[in-house]
Amino acid sequence: MYHIISIKDFEREELDLILKKAEEIDSAGVAKHTLEGKLVALLFFEPSTRTRISFASALARLGGTSITVDSVEGSSISKGETLADTIRVVSSYVDAIVLRHPKEGAARLASEFSSVPVINAGDGAGQHPSQTLLDLYTIKQSMPLDGIDVGLLGDLRYGRTAHSLAYALSNYDVRLHTIAPNGLELPGGLTDELRKKGVEIIEYRDVKEIIRELDVLYVTRMQRERFPDSSSYLSVAESSRLTPELLEGVRENMIVLHPLPRAGEIDPRVDELPYARYFEQAANGIPIRMAMLREVMR
Ligand code: CP
């Protein structure tokens, strides 16, 4: 069975295949009824706008039907049922499960108890593979994925989208520039793993040091919900705000991405600049998630 749990499980060819399928969906359209009769449970035990709605929209565009649980309170987990039992039961009702969960490793565990494919829609500070695929897709719309300089800015410790993207980019010829406040750097285990895979990683504290040499600047939100206390959050919240002034003199074709939601890291004045691609990025969730749903339910 084909689960999508972590971007680490993908070879470059598999990433490229999903990107190609999404491109085909975007350019040629796809038979509306490809997944007619299929039922997918969207189990979202953490808040979401983009991922939940774009999975539901992608499935509806393919003729399938989604059943959504959008909180712990709305499920029997609130009565003490384990995730394993929940997944065992739900997988007997549907053809696939899309799971968002606050605990790292939850999607992997779910895949072990599920009788249908599981797609990880974000597990704590772990992975967010559908986001990464749409990030790669958005970069590829502007430039090749090889031979580029990518900056990761913000909360790289708790931000799962940065973890997934950094790992995915290790399949390409990319130089990674990480820019994070003290204590919010990429986890050491991840940078070690990436360096072993041959990725050049250069670390900075201030985006000004590198912004003019980047092809892609990937900005992330401070993951307030994962900070141990509010004072440690407040001390870094304003430290990496992207403004039009900071973007003066950057490479002409440079793009700014953000998985969204943003919480002050990007000045809204940046939205009007040609570098801003984060709303196109969010829209790319549709062809990517259509391609993913078709892959797991082939
Ligand atoms: N980028 C992302 O995962 O957004 P949501 O939390 O709104 O799904």
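**Strands, salt bridges and a helix pair**

Analyst: This is a predicted model, and a place to begin is the sheet, where I97 has V118 of β4 as its bridge partner.

User: Which strands pair over 4 bridges, and in what sense do they pair?

Analyst: Strands of a sheet pair through backbone hydrogen bonds, and this can happen in a parallel or an antiparallel way. In this model, the strands joined over 4 bridges are β3, which covers residues 96–101, and β4, and their sense is parallel.

User: In what order do the strands of the open sheet lie, and which of them stand at the edges?

Analyst: The open sheet has 4 strands with parallel pairing, and their order is β2-β1-β3-β4. Because each edge strand has a single partner, one of its sides is left without a neighbour in the sheet. From one strand to the next, the twist averages 15°. The strands standing at the edges are β2 (65–69) and β4 (118–123).

User: Which helix packs on the sheet, touching β1 and β3, and what angle does its direction make with that of β3?

Analyst: The helix that touches both β1 (39–44) and β3 is α3, made of residues 83–90. Taking the direction of α3 against that of β3, the angle comes to about 155°.

User: How many salt bridges does a search of the whole structure find, and which residue forms one with R108?

Analyst: The search of the whole structure gives 20 salt bridges. In the one formed by R108, the closest N and O atoms are 3.2 Å apart, and the partner is D9.

User: How many residues apart are R108 and D9, and are they buried, partly exposed or exposed?

Analyst: R108 lies in helix α4 (residues 106–113), whereas D9 lies in the segment before α1 (12–28), so that the pair links distant parts of the chain, 99 residues apart. R108 has a relative accessibility of 36%, and D9 has a relative accessible area of 41%. Buried would require under 20% and exposed over 50%, so R108 and D9 are both partly exposed.

User: Why are E24 and K20 separated by about one helical turn, and how far apart are their closest N and O atoms?

Analyst: Both residues belong to helix α1 and are 4 residues apart, which means that about one helical turn separates them. E24 is partly exposed at 37%, and K20 is partly exposed at 46%. In the salt bridge that E24 forms with K20, the distance between the closest N and O atoms is 3.4 Å.

User: Which helices hold E23 and K140, and how many residues apart are these two?

Analyst: E23 and K140 form a salt bridge whose closest N and O atoms are 3.1 Å apart. E23 counts as partly exposed at 36% relative accessibility, and K140 counts as partly exposed at 36%. E23 sits in helix α1 and K140 in helix α5 (residues 129–142), and this pair, linking distant parts of the chain, is 117 residues apart.

User: How are α6 and α7 oriented to each other, and which residues make their contact?

Analyst: Helix α6 (residues 160–169) and helix α7 (residues 188–196) pack at an angle of about 10°, with their axes 10 Å apart, and the two are therefore roughly parallel to each other. By class, their contact has 4 nonpolar, 1 polar and 1 charged residues. The residues making the contact are H163, A166 and Y167 of α6 and L190, E193 and L194 of α7.

Technical notes: Residues numbered from 1 in each chain as written. Predicted model: local features only at pLDDT ≥ 70, side-chain atom pairs only at ≥ 80, totals over all residues. Heavy atoms only, no water. Pairing = 2+ DSSP bridges. Axes fitted to C-alpha atoms, helices over the stretch in contact; angles between N-to-C directions. Contact = heavy atoms within 4.5 Å. Salt bridge = Lys/Arg side-chain N within 4 Å of Asp/Glu carboxyl O. Buried < 20%, exposed > 50% of the residue type's maximum accessible area, 1.4 Å probe, protein only. Parallel < 35°, antiparallel > 145°, perpendicular 65-115°, else oblique. Nonpolar A, V, L, I, M, F, W, Y, C, P; charged D, E, K, R; others polar.
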